[in-house]
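Here's a walk through one protein model, residue by residue where that helps. Have the sequence and the 3D view open as you read.

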Amino acid sequence: MAVAVAASLLPFFYHLLVLSASRWLYAGAAYIAYNTSGSLVPGKINVHLVPHSHDDVGWLKTIDQYYVGSNNSIQGACIQNVLDSVVEALLKDKNRKFIYVEMAFFHRWWRQQSDTTKKSVKGLVSSGQLEFINGGWCMHDEAAVHYIDMIDQTTLGHQFLKQEFGQVPRIAWQIDPFGHSAVQAYLLGAEVGFDALYFSRIDYQDRQKRTDTKSLEVVWRGSKTLGSSVDIFTGIFPKDYEPPPGGFYFEVNDESPVIQDDPLLFDYNVQERVDDFVAAALSQANITRTNHIMFTMGTDFKYQYASSWFRQMDKFIHYVNKDARINALYSTPSIYTDAKHAANEAWPLKMDDFFPYADRANAYWTGYFTSRPALKAYVRMLSSYYLAARQLEFLKRGSYGLTTNSLAEALAIAQHHDAITGTEKQHVADDYAKRLAIGYTEAAKLVESTLTSLTESHSSSGHDGGDAVTTKFEQCSLLNISYCPASESEIKDGRSLVVLVYNSLGWRREDIIRIPVISDAILVTDHEGKIIKSQLLPINSASLSLRKTYVQAYIGNSPSVTPKYWLAFPVTVEALGFSTYFIRSSETRGTHAFMSIVDSSQGMKNSTKEVEQGNLKLQFNHDGKLSFYFNKRSLVKTSIEQTYSYYVGNNGSEIDPQASGAYVFRPSGKFPIESDKVPLTILEGPLLHEVHQQINSWIHQITRLHKTNEHVEVEFIIGPIPSNDGIGKEVVTQFTTTMDTRKTFYTDSNGRDFIKRIRDHRSDWNLQVNQPVSGNYYPINLGMYIEDEETELSVLVDRAVGGTSLVDGQVELMLHRRLFHDDSRGVAENLDEEICIDTKCEGIIIQGKLYIRVDPLGKGAQWRRSTGQKIYSPLLIAFSEEHGGNWSNSHATTFSMMDHSYSLPDNVALITLQELQDGNVLIRFAHMYEADEDKNLSEMAYVDLKKIFPDKKISKIVEMNLSANQERQQMEKKKLKWQVESSPSADTVVRGGLVDFTELVIELGPMEIRTFILNFNNT
Ligand SMILES: [Zn+2]
């Protein structure tokens, strides 16, 4: 049998042998010169091949591990390989192109290159072969980021590109973030000067409808207020940001068939592969308007050996164009955008945003709105600190080598869509936190040294005395957990604790600050020696226990003293200035600092409690729950109940294996957290009233009323969320009223515009509801509100969280999550954050604040906007020590950068004041109101620059685009204008006019942000 078979094959082998030999002998040279010069061909389908690598600035590995290519057992990824090999591949053929996005990586690589390489790369950039798009430090998230951070991180990257390459990126490339915000479209898109925005992740139902109706490419009008002036062309990829279906992945180990075009070798397949390519193109062209389609040729961390991709694309362009059914070319999103524009097409109009995002029926990516709440809070806290530190950096001018640079970079990286989102591995989250801590430490030195020079430079005795001692300032970065060595030490006789309070807002500010102290025999005076009314509040055991654990975990040892009280006192601080207060020992306790009256109602059944401070009165029912809200001034009264619940995180064992995890929120059941009766401890005093409640064994809450405010502050301590039952829990709080809100609520977009949400509804398609809870969750950065015909209820937040209104009259916010299953989106870890001391670990505890207010209808905006600004920018507090009572003789005790009679208008915030490397000054003002948001404040605002800088002469002012890499007028001139299919009636957009150099008054229309570069050199 065996013999027979061999015999029958013989002629076949013989034939092959003869054929091969003849081919080897006579075929001649095997070199093929590929024609890669494809350009646009009118009338044909043009396939734009866009080579790219999606390089996460930290995810499964840290940013530096990704860069150098270490820790490859987790993921084989090395950005150095990508950039080295791409440059080499581009130099081989001038038709090849590549785009690069993340400046955090590119900057690392650029520093390490020789002058020769830098020269070649500059050549590639100027010829357009290497194009920078997006160009921010990272590809920021769009749900959990604040608009100021988005602007800062984009500016950081754009400054680098401008300085090194003179380049101004044209395209926003947000291909991976998990849903897309209105602020991204209109602010970080149109106002940056981008001509288009591209991404891939939209809801699967939305995608289906857009695919069916050829509406994946649209003109997005992200701002109701700025209307058509901020239209941006937006391309949503048909599926994802990878190559099209049909086998077009060409990393070294990828399985797609390569083009085998050497006739002397086996498996020649040119025609098959050309057919595959044409089929993929026709299929995409079928769902795309115009005859231009884009193939995104790359995906995560690809092009580590770039030749393997370019070799195949060279061949495809060569053979497909020879085949001539369609046309293929090396392209970039800029070339693609220009081609779309040239097609002179009218596009569907898109309003609002693309939240929430679901990639499948039970997979709403709404968990990450809350995931890692401590990291989210840390980023928010340092964001405002960075803003204040840059103001002080500017005031110092020529600081001694101290900068905010490392904080700037750490914050920029933290905006990445796997950083602040909480969707990274634990060791990577730790890496972000470490970078932030280092950045803070360096910026804090700058802040402290600036405060020294500002206080001393105004002194009368000054430095002329030879024994002048430099004033030392100290800050307390753990003040939020009542740890502050500076204020907790004993104040000896004849000395005082100096408390300097800096206000980074452009308005005079009155507030109550709180610091931990050990003694009750103290008094507070202002800079004139006048005694200030203060109040002592015993620190509760939940806070002290949090303090003990976390100080030990963060600092490495337990503090030797334990403070007994919060000392609260009112402060008044001028705009962009500071005030000084003094705390001394007092001979008699309780006389100067008012000791709070403690009323513990424990055990008292069936009695309601009323707490009244300033204009606000709250009532707690006999179960200890908040039940009623009354404002004496506005006469608003409403029943309001606050409750806590948790969702059980789905463990993926049901028919659909989708679990709740770092990205996805998939609840299976909601359970109230309640004990029959929550005992209240009420602290009362002249400045603050507090209601302390231990809700259950792992939730503690303080409901606080300030004398100077008309809102309720809710401070919560949540955790450790119990893990012993193995059940993942997602903790929420609800504020429930009887308001008739008709399924409607409003949530902010990145802390800026408010967007109307309707439960179980999407404006772009007929929503099929599969997840009635998680499908109604939206990202919150500033706050949310609900309204009926009489009142509105607003809740503001201190960090990014997820929120919704699942029942009319109710607001629900998710505050903490602890889950024991991975949700299968790549991170491959459970969202189970722990804190460890030595080897003992427990789930982390979250402390945070919510701010609640009820207003008559139409009156809430002013509170939301101005209080939102205060929450974002808390007062910066620094401590020093006074010896012998002569501080006021030798130090400036009050200061304001601005003219003392001046304040920014109530509707304008200063969001950037920063000295640039070249000595110029970058300044940004934001109008804080939308059109028609407030009766008086949604109007044109005027900022008088001369009064902001009374001691300086402005020699030049240039208005820039948002990221300050080009002049605004230039940007407007070259920006592409797009047509929309059916535009609503013409909109009237109010914007400020050009700035007259003699007047130096800046006008701002509603929602406008204006960016300027000032020069003070010729003073
Ligand atoms: Zn990514």
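## A lysine tucked inside

Lys975 sits in the loop that runs from helix H20 (968–974) to strand E50 (979–980); helices (H or I, at least four residues) and strands (E, at least two) are DSSP runs, numbered from the N terminus. Lys975 is buried but makes no salt bridge, and Glu972, the nearest side chain of opposite charge, is 4.5 Å away. Buried here means under 20% relative accessible area, exposed means over 50%, and partly exposed is in between (1.4 Å probe, protein chains only). A salt bridge needs a side-chain nitrogen of Lys or Arg within 4 Å of a carboxyl oxygen of Asp or Glu. As for charge, Lys and Arg count as positive and Asp and Glu as negative, while His and the chain ends are not counted.

So what does Lys975 touch, leaving out residues up to four places away in sequence? Its contacts (heavy atoms within 4.5 Å) are Ala190, Gly193, Asp195 and Ser229.

A word on ground rules: this is a predicted model, where local features need pLDDT of at least 70, side-chain atom pairs count only at pLDDT 80 or more, and totals for chains, interfaces and linings use all residues. Residues are numbered from 1 along each chain as its sequence is written, and side-chain values use heavy atoms, with hydrogens and water left out.

## The zinc site

Four residues supply the protein donors of the zinc ion: His54 (NE2), Asp56 (OD), Asp176 (OD) and His417 (NE2), at 2.0 to 2.1 Å from it. Donors are N, O and S atoms within 2.8 Å of the metal (3.2 Å for Na, K and Ca), and water is not among the atoms, so sites may look incomplete. The spacing of the donor residues in sequence is H-x1-D-x119-D-x240-H.

Asp56 belongs to the loop between strand E1 (46–51) and helix H2 (63–68), and His417 to the loop between helix H13 (405–414) and helix H14 (426–457), so this pair ties together parts 361 residues apart in sequence. Asp56 and His417 are both buried. The geometry comes out as irregular, with angles of 92 to 161° among the four donor atoms. Under the rule used, four donors are tetrahedral if all angles lie between 85 and 135 degrees; four are square planar and six octahedral if opposite donors are over 155 degrees apart and all others between 65 and 115; anything else is irregular.

H13 is mostly covered, with seven of its ten residues buried. Among them are Leu407, Leu411 and Ile413.

Arg108 is in helix H4 (residues 103–111), so the link ties together parts 301 residues apart in sequence. Glu409 is partly exposed at 23% relative accessible area, whereas Arg108 counts as buried at 9%.

## Other charged pairs

The salt bridge count is 62. One of them joins Glu930 and Lys224 (3.6 Å, N to O). Glu930 is in the loop between strands E47 (921–927) and E48 (941–944) and Lys224 in the loop between strands E6 (217–221) and E7 (232–236), so the two tie together parts 706 residues apart in sequence. Glu930 is buried at 6% relative accessible area, while Lys224 is exposed at 52%.

## Nonpolar cores

The largest nonpolar core has 135 residues, and those with the most contacts inside it include Val47, Tyr100, Phe106 and Leu850. Such a core is a set of buried Ala, Val, Leu, Ile, Met, Phe, Trp, Tyr and Cys residues joined through side-chain atoms within 4.5 Å. Setting aside residues up to four places away in sequence, Phe106 touches Leu83, Tyr100, Val121, Phe132, Phe160 and Phe165. A second, separate core of 99 residues includes Ile151, Phe194, Leu392 and Met928.

Most residues other than glycine have a negative phi, and most peptide bonds are trans. Phe355 and Pro356 are joined by a cis peptide bond, omega about -10°, and Pro356 lies in the loop between strands E11 (349–351) and E12 (358–360). Gly719 to Pro720 is cis as well, with omega near -10°.

Thr290 is not a glycine, yet has a positive phi of about 70°. Ala828 has a positive phi too, about 55°, and counts as exposed at 51% relative accessibility.
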